Amino acid sequence: MKRLIYILFLVLLALRLHAQSEETSRILSYIQKAMNFNKVVPQEKVYLHFDNMGYFENETLWFKAYVTRTYDGHASDLSKVLYVELLNPTGDVLQTLKYPIDSLGQSHGEMKLDTILGSGLYEVRAYTRYMTNWGTNAVFSRVIPIFKKPKTEGDYSDLTIATIPYHNRLPNRRDPLDSLYVRAAGEGVYTDDLMKTISVKFYPEGGDLIAGKKCRVAMLAVDDNGHPHEGEGFVMNERGDVLASVKTDTLGRGLFELVPDTGKLTFQMRNLKKSTRRSVQYFTLPEAKRDGCTLSVDAVSEQMLATLQCSDGICGSMLGYVIMHNGNIYRCDTLTASPLMEIELDRQAMPEGVNQMTVFDSRGAIMAERLFFLCPKPDKSDSIRVTAITQRLKPCGKVEMELKTRPNANLSFSAMDAKTMTNGKQGNMKTWMLLSSEVRGYIHNVDYYFEADDKEHRQNADLLMLTQGWRRYDWRLMSERYTFRKAQPIEDQFYLNGQLKAYRKHNPVSNVRMYVSLYNEKGQSLIGNAVTDAEGNYAFKMPFLDGEWKMCIYTTRDIKKKDKAKEKRKTYYVGIDRLYSPVPRYLTPIETEIRHPHLPNTFVKKPFKELEEEENEFIPITEKDYVLQNVTVKAKRKYFTNDNWRFKNEEYGKQYASLYYNADRELDKILDRGEPAPYIHDFILQKLKDRLGKYNYIPRDTKAFTSERIFYVIDNNDRSVSSPVYLDEVKSIYIVFNEKISPTIENAWTFIDTPKLNIIVYLYCHHLFSSESNKGLRRTYFQGFNQASTFKTEDYSVIPPMADFRRTIWWQPDITTDAEGKAKVEFFNNSTCEEMYISVEGMTQDGKVLVNE
């Protein structure tokens, strides 16, 4: 009997070891897949360096783009096309520009701000088509203020942003949740008479609360306007026992520790603001799981420690863990689950920036996950030293500066008039590459997390990771538990692709021959052909093109006539895959606040000094007579007759407009989705419902062109023009919202007493429009590369000084240092600048980020 028991014990032990061996093998296979994923599916990052920190209407925004591979930080050799967009405060894309990416992963261009509808807080985004596979969080984003044009030239003291055009456009199109990839395990909302609506989200460290296991929980409290909420509170169980207490900071963040049970946990929060009585609000925490694993990482102490606690149901099973940076796994291992496990982490040996630790089981399922940030160590070799050669600034005088950094580095340089700076710093290339690009949403004062590596800064950085962490690298995809769907290709050349659908049934059609023809104003042309596959998909490879091209797509089908095949035109819905602009993200109130410029120590200050007696006093050219050289007239100004100008001038509709739609582009978006051209009234009503919600006075009868409370003005009331029916008959749409204003027949504004909202729609038509359509033909456009301009100033060594109010004194996007790491910059000052702020950023050939600290 003893021998049988011993044999049975050995058999069970062998089976257990075999099972553990199989579990270990599966864990190692997931790690191997994750290691290969970053090579097979690499990611890209984009950063934009701007010439200024804020702008005024009608100015030009200049930028330099740096595109890198995330896994090694080197210049990207994948995508060759960069997209730069300008979004208005409610998330509408106003401009989309395309620029080529060179072999160094760099590009530069400009964006003119002369077509926007009023001042406001606008967003600039930059991305490659390939980056859109990872959603909105993967793209570069920066909010910039655009102020009203100065009433007096050169007077930039009045920083005014119009509030009427955009505050009337509610609800906001931007995603109010923006919760993709965020494991917020609990949330509550409460309102009382004394306080605004408060929303609280709870983020258990590692992802889940486990009953009977100690866990830290981060929280984020905001009011109904999105502002951080300061308060204090307690966590209680069903018996009323206080398990933890917490106090939120100025950003609404807090952290507490507790040992949860299986019952309901309630959080009581009190307002810290003074009031006649203390207001208490109640929130429910996420329910604790019976089985699971908690993960706690001490990222504050010098000797870092990761602590794992497993429930009884998990103990004895095999687990694996990986620690990665930019998708590269630099530490991994297997372990047997036990009630308490500790893993020592060497801070000095780990890479700087955001790191990710993932614990998973033998099925590849995530048991716990955590992000933590390591502040980069100061390194003078990564900085750019700026030395002013010019001893003093003179009006319109020459300025010389020397740059010193690493050899053969490529830099972008901006010199700003400090007196006209309109906004504070929002980080630089280092803060973006190491932190902002790895975190969900906006980081308030991102430079703070890089200024020191002490206990206070580490604690705040840890709170940031716990409340705003975004998983750029999803373990579920990397381990191939989920299938990665690459919807958009690496755009190493231009691609024209989409899907063909039947005209009536809207089902995909196969084996249809398609021809594409492109031509531009220069007389250049390009043709190609393709055949749709079984799913109705088609694709054309195209060379790189510059500017906008007219494009015609022909669709045909084969017919048999007397045993001979013959092509015949047939109409289909030709969908084009070019609607890959990411969803607009939510903008927090802190992000939309105007910050006063804080001038750091790197501020280059050269005040005016008393001019020497032998020097001439500065007199602008506008106040003194000069003999100018002869000029030659090369072209005459185009003009309209008075009537034509009145009817074609879109300024009438633009002056009060809150919304603008380029009808041609909107129509292309609809046709790209494989849908027919809508009635113009249907289009207008849909846009109004999207913006204003379902209002009773918006009629249900979409066939009626004029409706109650909606006024239509066609070509500024040109009575010779008939009312358009379809969207393709209109080129521009301006929509005005106002409660006490309506247009008269003579285009004058009449104020009326009514509590209801008036909607005035200005339509500007295609006067040479032909309603006849050719069978089997779709006319559209193809946008090639935009042409980058050169930043130009007057050459005051040739012409005399004049009144010059440039806010960006000089912008040079392409500077290369020599073998000694030096470069010289020369430019001319404006007529008023007494202090300059210099911003220089760049990158070495091996991907080292350089900034002027």
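Modeller: Let me start with a term: a residue is buried under 20% relative accessible area, exposed over 50% and partly exposed in between, using a 1.4 Å probe and protein chains only. This is a predicted model, where local features need pLDDT of at least 70 and side-chain atom pairs count only at pLDDT 80 or more, while totals for chains, interfaces and linings use all residues. Residues are numbered from 1 along each chain as its sequence is written, and side-chain values use heavy atoms, with hydrogens and water left out.

Colleague: Thanks! Is strand β4 mostly covered or uncovered?

Modeller: Mostly covered: β4 spans residues 81-87, and seven of its seven residues are buried. Strands here are DSSP runs of E with at least two residues, helices are runs of H or I with at least four, and both are numbered from the N terminus.

Colleague: Which residues point which way from β4?

Modeller: Val81, Tyr83, Glu85 and Leu87 point one way, Leu82, Val84 and Leu86 point the other way, and all are buried.

Colleague: Why do side chains alternate in a strand?

Modeller: Because in a regular strand they alternate between the two faces of the sheet.

Colleague: What does β4 pair with?

Modeller: Two strands pair if DSSP finds at least two bridges between them. β4 runs antiparallel to β5 (residues 93-100) over seven bridges, and also antiparallel to β7 (residues 120-127), over five bridges.

Colleague: And where does Leu86 sit in that?

Modeller: Leu86 stands opposite Gln95 in β5, and its bridge partner in β7 is Val124.

Colleague: What about the turn between β4 and β5?

Modeller: The two strands form a hairpin with five residues between them, and Gly91 in the turn has a positive phi of about 100 degrees.

Colleague: Changing topic: how many salt bridges are there?

Modeller: The count is 38, taking a salt bridge as a side-chain nitrogen of Lys or Arg within 4 Å of a carboxyl oxygen of Asp or Glu.

Colleague: Which parts does the bridge between Asp668 and Arg578 tie together?

Modeller: That salt bridge is 3.6 Å, N to O. Asp668 lies in helix α9 (663-672) and Arg578 in the loop between β33 (572-576) and β34 (604-605), so the pair ties together parts 90 residues apart in sequence. Asp668 is buried, at 8%.
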